Amino acid sequence: MNMRNVSVFGLGYVGLTFAICLASKGFNVIGVDVDKFKIDLISNGKIPFHEPGLNELLDEVLRNGNFRCTDNYWTAITESSISFICVGTPSKPDGSIDLKYVKNVSTDVGTVLKYKDMYHLIVVRSTVTPGTTRNLVRKVVEHLSGKKCGFHFGLCMNPEFLREGSAVHDIFHSDRVIIGEFDSKSGDLLESFYSNFYGSHTPPILRTSLENAELIKYANNAFLAMKISFINELANICEYIGNTDVKVIAKGIGLDHRVNPSFLNAGLGWGGSCFPKDVQALISFAKNLNYDPILLNAVKKVNDLQPYRAVDMAKKLLGKLKNKKIAILGLAFKPGTDDMRNAVSIKIVNRLVEEGARVVVYDPVAMDNARKIFGNNVVYADSSIQCIKGCDCCIIVTEWDEFRYLKPEVFVKYMRFPAVIDGRRIFDPSKFLGRVKYVAIGLGL
Ligand code: UDX
């Protein structure tokens, strides 16, 4: 078997980035998706989302023939030795995850493996709750193929930890590779696959049970979300005390190597496609086991309320918000992406609109997505200056670099009333205080 022949199921953000990176290292990769429109788009060299560096790599791997896309799962499985399952696991209304796409791919793989004589390795990369790989994927494939896991085919669970906006870098410079294995042969094969991919830069590899690997992914995201909720709670406390600044608190505790400084940037809360979904899924998973996850509930609750701190600050500055003109700088859930899934900007804008404010919004890349969400409820600006013009207050919601360069004089010049709410702590208070009305998350004056 040739472990350099790979199929990747699900050409969303995780699957497509992974597939292209593998192909760029000389692996022969077939990307599979049910969406024909997406396949055409990618085959013509277009990435359906914003991810720095990925377009260039796609051009390269299409040109050298290492990557092709198809909706034909049959040829993809017969022509590869290893299949990565990277389909989405969206939230259901009760917060648990919907496994229908994982089940669909398992069905495809099982159907084809019935007729394939060679050993095949199946690797689950989708974020799934503990037990899914063993009890859903394995059972569906065994049932449909009539073959035995650990004998005719192998099975691993290999979570990904990509961040949007730096996904390519994250793949090539991973901190670690987690390999959950059904049996040692499956684990050995995946370990040598990654040694091949990384060469002399192979990161630490942790081999463990399927269930541990599944839970590590949730634990990782929940822990990072907890760090942010923790520092946001400290920020809220700071605002009640004079002479305090959460940035200094974060620096002070981050210098303790046991705490570590990363993910201690206080702000208006965490959003995106992963943290909210994964924290909620872990809560629902624990509840289904009759365990009440006290800490996880608190992590989520702090975050649910955090965006409204900006609205409360605006009210303190302006009194009633009816007919006040408010500028929102930044809409994406974080800089470097056009993704607005679970972006805190949505909660803030909707609440301001409910309160009768006239809201003007600007984001360097997320405007198309914003139009789909806010429709005619807000005014769309073409630049940060146009956004703040004539406004009574400006809220920094996403910390894009281009906003960092805005000087206090700019706000004074263009706004009707120069009031700045620094929701992401991008400005130096000593330069803003006294020049404009300046309030910031975690700044106790
Ligand atoms: C995250 C994980 O980092 C990644 O490992 C996983 O695979 C997917 O989920 P991502 O959603 O791309 O990645 O964004 P990330 O950079 O982690 O930020 C998540 C949210 O937390 C953003 O809304 C960001 O603004 C917020 N955040 C992050 C803070 O508010 N403060 C911080 O210090 C760090």
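Me: What covers the buried residues of H11?
Reply: The cover includes helix H9 (210-238) and helix H12 (294-305). Contact means heavy atoms within 4.5 Å. This is a predicted model, where local features need pLDDT of at least 70, side-chain atom pairs count only at pLDDT 80 or more, and totals for chains, interfaces and linings use all residues. Residues are numbered from 1 along each chain as its sequence is written, and side-chain values use heavy atoms, with hydrogens and water left out.

Me: Why is H11 called mostly covered?
Reply: Buried means under 20% relative accessible area (1.4 Å probe, protein chains only). Ten of the 14 residues of H11 fall in that class. Among them are Phe275, Val279, Leu282 and Ile283.

Me: What makes 20 Å the expected span of H11?
Reply: The rule is 1.5 Å times one less than the number of residues. H11 (residues 275-288) has 14 residues, and its first-to-last C-alpha reach of 20 Å is close to the expected 20 Å. Helices are DSSP runs of H or I, at least four residues; strands are runs of E, at least two; both are numbered from the N terminus.

Me: Why are E3 and E8 at the edges?
Reply: The open sheet runs E3-E2-E1-E4-E5-E6-E7-E8, with mixed pairing. Strand E3 (67-70) and strand E8 (205-208) each have a single partner strand, so one side of each lacks a neighbour in the sheet.

Me: How do you know that E7 pairs with E8?
Reply: Pairing requires at least two DSSP bridges between two strands. Four bridges join E7 (residues 177-181) to E8, and the two run parallel. Isoleucine 179 stands opposite arginine 207 in E8.

Conventions: Buried < 20%, exposed > 50% of the residue type's maximum accessible area, 1.4 Å probe, protein only.
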